[in-house]
Amino acid sequence: MSVATAFEIVLAAVVLGLGIWTTAVRETYSATVGFVAYGLLVALVWVRLDAVDVALTEAAIGGGLGGVLLLGAAARLRNTELVLTEAPGKATQVAAAVLAALTGAALAGAVLLLPDPAPTLAPTVVEHAWATGMTNPVTNVLMAFRAMDTMLEKVVLLLAIVGVWSLATDGAWGGHPGPRHRADPHGVLVFLARLLPPVGIVVGIYILWTGANHPGGAFQGGAILASMWLLTIMAGLTDTPPVSSRRWRLVLVAGPGLFLVVGLAGLWLGAAFLAYPPAQAKPLILGIEVAMILTIAVTLGLLIAGAPERSVK
Amino acid sequence: MNDFLTAAVGFVLAMLALGLVSILRGPGDTDRMMAAQLIGTGGIAVLLLLGTVARVPAAVDVALTLALLATFASIAFVKKGLSSLEANGTEPTGEE
């Protein structure tokens, strides 16, 4: 057994153990912390599987933003959990266990029954990389070969934000999401919120730029920018924008909007909807990605900030 | 050199597993959060070493992302913990 295999076995065992513990533990808070650590370790697994693009997303979402979202939910639930004493009945428990086991078995069966070798379009994607001038196959698939899916995903993000906003009370409608944070101006948190964002913004833009030829892209970069923004909000240096602000809403639709405009232009200039002329493919895709990184950063930030709670005064 | 680096990965991974024990045992939320931070730091080390051993230069970018965002969850932990304490009417105990 080689050292690399031993490493993989240990890593898999650790991830599996942490996963089981996170599911089994009773307090929501502990489970959330376990889940954050789980996200960090799964990023290692993705790197080991040579899926660095996925590892970047997992590190940004699973380790960072998702953790913040879940910690917020756990803090809210904690008060209700303290008063909740009644446990679900035996029948409910058995039914839940059977359902979970069946789902697990079905998933395991589906994975084991996959044809070998799997039907794949990967060689075709690599063969046609010249059409966009970019060498990262993941970016090629996301932004060119399956651009329709990516555009619709951004529209889904918009729908999600509308869903979150609709949870606002009548009085707070159109106001600022989340509480107004105040922190000690000489404290550690404010110091960090001044120190980290300049570095984070550079890294976020770098991840977007390097995405053309190496793992990276608008989503991962946008997630980093969003977390830097949330850091300044949590430190009380800035406030969340009112959701009725037209300028911020314009940023929210900029990404999918530009994507749609370029896609429609493809009807005239190219062969079809969302077909880029090969000569201009790379600048067009980069333009869309620049608009998308802003949209994604603001969308993720506002999604985690939550529903409007304070009316504009 | 590669053998040495691989051994280093194994060592850091073993430390990571120890941190995991600390997450499992607790006893407090803060202990668990600090252990998660330790796992984040160890994860960055593993990624950097792994990127060098397996020649995956992009692993450095993942390490960079983790370095930026791993602290983020603990900040949220402190903020949310404090605000829920304030909501309960007790004074925050200067964890920040």
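**Ground rules.** I am reading a predicted model, where local features need pLDDT of at least 70, side-chain atom pairs count only at pLDDT 80 or more, and totals for chains, interfaces and linings use all residues. Residues are numbered from 1 along each chain as its sequence is written, with chains lettered from A and ligands numbered from 1 in the order in which they are written.

I looked up the contact (C-beta atoms, placed from the backbone, within 7 Å). Chain A puts in 48 residues and chain B 41 residues. On the side of chain A that touches chain B, H3(A) gives the most, with 13 residues. I take helices as DSSP runs of H or I, at least four residues, numbered from the N terminus. By class, I find 33 nonpolar, 14 polar and 1 charged residues on that side of chain A. Nonpolar means Ala, Val, Leu, Ile, Met, Phe, Trp, Tyr, Cys and Pro; charged means Asp, Glu, Lys and Arg; the others, Gly among them, are polar.

**H1(A).** Which residues of H1(A) are buried? I find A:Leu11, A:Val14 and A:Leu18. Buried means 20 or more other C-beta atoms within 10 Å of the residue's own, exposed 12 or fewer, partly exposed in between, with C-beta atoms placed from the backbone. The buried residues pack against H2 of chain A together with helix H1 (2–25) of chain B. On the other side of H1(A), exposed residues include A:Thr5, A:Ile9 and A:Ala13.

**B:Leu64.** I place B:Leu64 in helix H3 (residues 59–87) of chain B. B:Leu64 is buried, with 21 other C-beta atoms within 10 Å. Its C-alpha atom is separated by 25 Å from that of B:Asp31, 33 residues apart along the chain.

Note on methods: Contact = placed C-beta atoms within 7 Å. Helix = DSSP H or I, 4+ residues; strand = E, 2+ residues; numbered from the N terminus.
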